[in-house]
Every structure is written in structure tokens, then in C-alpha cells.
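Welcome! Try each task yourself before you read on.

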Amino acid sequence: MATGQIFSKTTQALFYNYKQLPIQRMLDFDFLCGRETPSVAGIINPGSEGFQKLFFGQEEIAIPVHSTVEAACAAHPTADVFINFASFRSAAASSMTALKQPTIKVVAIIAEGVPESDTKQLIAYARANNKVVIGPATVGGIQAGAFKIGDTAGTIDNIIQCKLYRPGSVGFVSKSGGMSNELYNTIARVTDGIYEGIAIGGDVFPGSTLSDHVLRFNNIPQIKMIVVLGELGGRDEYSLVEALKQGKINKPVVAWVSGTCARLFKSEVQFGHAGAKSGGEMESAQAKNQALREAGAVVPTSYEAFEGAIKDTFDKLADEGKISAVKEITPPQIPEDLNTAIKSGKVRAPTHIISTISDDRGEEPSYAGVPMSSIVEQGLGVGDVISLLWFKRSLPRYCTRFIEICIMLCADHGPCVSGAHNTIVTARAGKDLVSSLVSGLLTIGPRFGGAIDDAARYFKDAYDRGLTPYEFVESMKKKGIRVPGIGHRIKRGDNRDQRVLLLQRYARENFPSVKYMEYAVQVETYTLSKANNLVLNVDGAIGSLFLDLLSGSGLFTKAEIDEIVEIGYLNGLFVLARSIGLIGHTFDQKRLKQPLYRHPWEDVLYTK
């Protein structure tokens, strides 16, 4: 491996398996470092294409999304780092695909638990083709002031605290990502900071070793000293020992192997990483520390003395004139996300929508304050749900039962009415369910099913003003307005609509008052004296009875009743009910595999 620097201020990466927060942290680091171009060139999400919106400083940018590794590499030939956030199950396959792309030089595998046999294949291929694998089980790496992988170094506050927005003189390598953050801070306190930091990962077989990166750091002129944090388990540190003994490293190395406490346990101890397992004596932290010390590394007596050892080594180099003072800069302010600022109480923002009928926050949705579980446990029905979502209150059972009866009675009226006919024609044209349903619903209006509100409005006005049926009907006639809710194309005075009779019977048996319905019946008596088809239809029956429901329940004020009628609640009941039948007609036509409908010309009067 050896060679030298693998990242720079122009390095760009491809990010596999979209994760918003790590990518945004990379872009924020870019802005902090004064990069001219974002470090994330493209995103790979298997099966998806398009763009993802993110922020580059104050500017919102669109990062391309590709469905395959090959397509992303072809679209972004200058991106030579592959950051793999796939799960341990698929990380190996996608990483191998990336390694086989000629444009990819470095692959970082974030997942832990990648099968060891797969990891060995990745390592062998990378070494044979002069490529670098960081991980598995890594947080990644960072070149201060230039480029970072994913969540490396944590939050922006931590990055600023550790002065990672500009390069220092220290090369750092560790197995642990978490301890890397700790050491970045430690190194920033006692030196001029990190130049490059790598967490090789805590699995048993890391894609690259501690010594791989130390030897590489040795070839980077800007790095003046090297800090290494190893851990018990495995023998990776011994390759570093051999490199030191062979004189391959000519820069000061300060090292510590953690896990010395393992000897306090009577049995074998497994620490956090898969590779951090106390085995034989050579794999102990004490043995490794001693070997490194004997090979020429600066090894303190304890982790507590590690910071002092780093400081002493750096100060010595500075005194010898081998390290020049770093010019301190003030990093730019990262714009704070609106949601973060709102949560912290720094800003306030107006909402765009008001909702009073339901709430989907918390553990379960609620309708008008009633939790979903309560609705189910109480055995409430569709009428109860409508009462909560439409009227924002729980209505008595006789009211919700009436709503349900209306839905059942208005669900369908055969295939010949205009709404069903439209739906049938649309379904036979091969259109989908929603298109077929909407084509039928669009016929609802003053002439078909949409007269309930008008019937309620006119009946209420006439009754409340004390008009007799004669005065009401004749006044409507003078205005040229047909009485809504009166009249039927088929039903007659001697052949009443059974739906109307059922609704009237239920109301008389259950409603505390049916004054509006009785007034509508009186109007019907007068209109029948004029023509036998001027009967009270289902629109008029529902409209008048809903007025009785609203006024007789004692749960609504006069102003609320007027508003309900004005807004169009009652027509909503017909729309809801008839949707059931229209959906049924759609399914019926599709089940019967009916062909495209063409109206017969014999049924058309062609005239000039």
C-alpha cells in the first residue's frame, strides 16, 4: 500500500445508500474548509434515479442519484472515493463492484459484521490492484481542511473545537472511530492539530492496517509526527513494530495500545469491537505496548499519560524547527437548519396548514382528540368516525346510525344514473380505479345527487321564516327556482321511493324532533297536487332530516347549523356514499373484462 496522500481539497466521493445526515455533515465540512465544490459528486440508491436536495453552505444544491455503481462512476469520473453505507449483508458485493471500477481508488465500508470471508476477498483484490479499503466497521477518515468521510469527527461543533477545518502536522490512525473523536480533541489541545486521521475499523480483518497508514503518513511531507491508538486482540500492531525496527519510518511515532485492564479479568474478555478480544499473551495490550516501545515508538506508561507524550514529542519537533507555526483562521459560520433553530428556540416560523380534526403525532393517530385505539376498543362505527372528523364531536348513537343508514341507502342507484354510467364508460376504456371513480363523482351537482345542501338550505329558511308550503313553493316558482329535494324521474305519489320511507320511519322512531321533515312532507303534499312526480326524493329526505338531527341533538348552535349547511357537509355525505357504488361498478366492469364502450348511433338524434 504505502504511497502517500489519498485525499485532497478537490477529492470527490460517491455515496452508496442515501443517508441524509452523513452527507449533509460532509457538505457542511466542505463549506467550513472553503472548498469550491461539494465533496459528494453523486449518490447511489439501487433502483432509484433523480436528485436529492441538500445544502452547500447557504445554497441549496441538487446531487444526482444513480441506480447503479457503474452508472455513477461513468457520470462522475473524477470521483475516486466510494463511501459505502450499505448494510453488512450487501456491503461486500457493492464494495467489490466499486473496487472493480477504474475510477475508484478508495473504498470506505461503514457497516460492521461483514462476513470475514467476504472481507478477505475485498482485501486481496484491493492489494492486487493498488487500491485502499478503509473498514469494515469504520467511521471513516478525514484530511483536515480538505475532505472527510461521512460522520467522521462528529458534529460541526466538535470539528471546530478540534480545529479540523485547517491542516495541522499530525498523522493519526486508530482502530476505533469513537476514540478517534477523543484523540482529535486531545491532539488539537497539545499540538497544531491533525493533518490526516483514519479509523481503520474494529472488525477482525480490517481492509487496511495501522502500519499501512503509518507508512503512508511517513511519505507525506506535511505530516511531521504520527500518533497511533491500537487495542488488544489480533497482531496488527506487530507489523508496525517490524516497520519501526527495519527503519521504514523516520518520523516520531507516539503510540498506545488500549485494553491493559483485561488482565484484571479472570476469563477472556471481549471488548466493543469484534477484533478487541483478549487472547494469548502476544495479543495483550501490555505486550504490544512493550514491543512498540522497544522498537522505538514513544509509548507512555498509561492512557492518562498519552496526551503528555504527544505534547512532549510535538514540542521537541517545534523546538528543533521541524514544525512551522500554523496560521490560525476563523472558519465561516455554518447556516443552521430551520428545524434545528426552531427546536433550540432561536427562531420562530409560521405554520402553513391548520388542522383541528386529527393529529398523527405521538404513538397513534387521533380523530378529534379520540385515540384510534379508543375508537376500536369502543366498537365505534363509520358513523362515529364521520361525526368526529366532520363535526368534531361524538354524536349520540341514533345520529351516527342515521348517518350510516344514509350511506347504505345512497351507496348505489344502479348502472343507469349519470355517475355510474360515467364510471362504467371510463372503466371500460381501461382507466384505473381513481380515474373511473372521479369521472363518476364529477357528475354530482344540482341535477344529480348534489341537491341535499340546497334542500336543507331552502327548507330551513322557509320553516324558520314561518312560510306555509304554498307560500314557499309559489315564491320559489316566481324566482324560477325548482324546489330542491322535490321531484323524481321515476317515482310517483303512488310509487314512493322506499329509501325515503325508510329514513322517515327511522327518524320518527328515534329522533327527538322531526319538525323539518314534517315540513318537507307538507311541501310534498302541496307539490303532489300539481304533478304526480313531484314527490319528496332522497335528497330532500336527507336534507330535512339532517336539519332535525343537528337541531334536535342539542349539540349544535344555530350558527354552527347554518355553517354546516353553507359549507356543503350534506352533499359530502352523498359523495362519500356514492363512492362505494362507483368503486363497485369499476370493479364489476374490470372483473367482467368489458370492452371499450361506444354509444349506439340508433340512440342519437342527428339533426341540423
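**Exercise 1.** In which loop does Lys 392 lie?

*Solution.* Start with the place: Lys 392 is in the loop between helix 13 (382-391) and helix 14 (397-410). Helices (H or I, at least four residues) and strands (E, at least two) are DSSP runs, numbered from the N terminus. Next, look at the backbone: phi of Lys 392 is near 60 degrees, a positive value in a residue other than glycine. Finally, Lys 392 counts as partly exposed, at 45% relative accessibility. Buried means under 20% relative accessible area, exposed over 50%, and partly exposed in between (1.4 Å probe, protein chains only).

Before you go on, two notes on the model. It is a predicted one, in which local features need pLDDT of at least 70 and side-chain atom pairs count only at pLDDT 80 or more, while totals for chains, interfaces and linings use all residues. Residues are numbered from 1 along each chain as its sequence is written, and side-chain values use heavy atoms, leaving out hydrogens and water.

**Exercise 2.** Find the loop that holds Lys 163, and describe the residue.

*Solution.* Lys 163 sits in the loop between helix 5 (156-161) and strand 10 (170-174). Its phi is near 60 degrees, a positive value in a residue other than glycine. With a relative accessible area of 28%, Lys 163 is partly exposed.

**Exercise 3.** Why does the pair of Phe 448 and Phe 574 count as edge-to-face?

*Solution.* First, the rule: rings of Phe, Tyr and Trp (its six-membered ring) pair if their centres lie within 6.5 Å; planes under 30 degrees apart count as stacked, over 60 as edge-to-face and the rest as tilted. The structure has 19 aromatic pairs. For Phe 448 and Phe 574, the ring centres are 5.8 Å apart and the planes stand at 90 degrees, so this pair is edge-to-face. Now place the partners: Phe 448 is in the loop between helix 16 (433-441) and helix 17 (452-464), and Phe 574 is in helix 23 (residues 569-591), so the pair ties together parts 126 residues apart in sequence. Phe 448 is buried, with a relative accessible area of 13%, and Phe 574 is buried at 3%.

**Exercise 4.** Classify the aromatic pair of Phe 472 and Tyr 519.

*Solution.* The centres are 6.3 Å apart and the planes are at 45 degrees, and the pair is tilted. Phe 472 lies in helix 18 (residues 469-479) and Tyr 519 in helix 20 (residues 515-528), so the pair ties together parts that are 47 residues apart in sequence. Both Phe 472 and Tyr 519 are buried.

**Exercise 5.** Is Asn 84 buried or exposed, and which residues does it touch?

*Solution.* Asn 84 belongs to strand 5 (residues 81-84). At 0% relative accessibility, Asn 84 is buried. Contact means heavy atoms within 4.5 Å. Leaving aside residues up to four places away in sequence, the residues that Asn 84 touches include Tyr 16, Ala 91 and Ile 110.

**Exercise 6.** Why is the protein chain described as more spread out than a compact globule?

*Solution.* Begin with the parts: the chain has 23 helices and 16 strands. Its radius of gyration is 39 Å, well over the 25 Å that the globule rule gives for 608 residues, so the chain is more spread out than a compact globule. This radius is taken over C-alpha atoms, and the rule is 2.2 Å times the number of residues to the power 0.38. Along the principal axes, the C-alpha atoms fill a box of roughly 115 × 55 × 50 Å.
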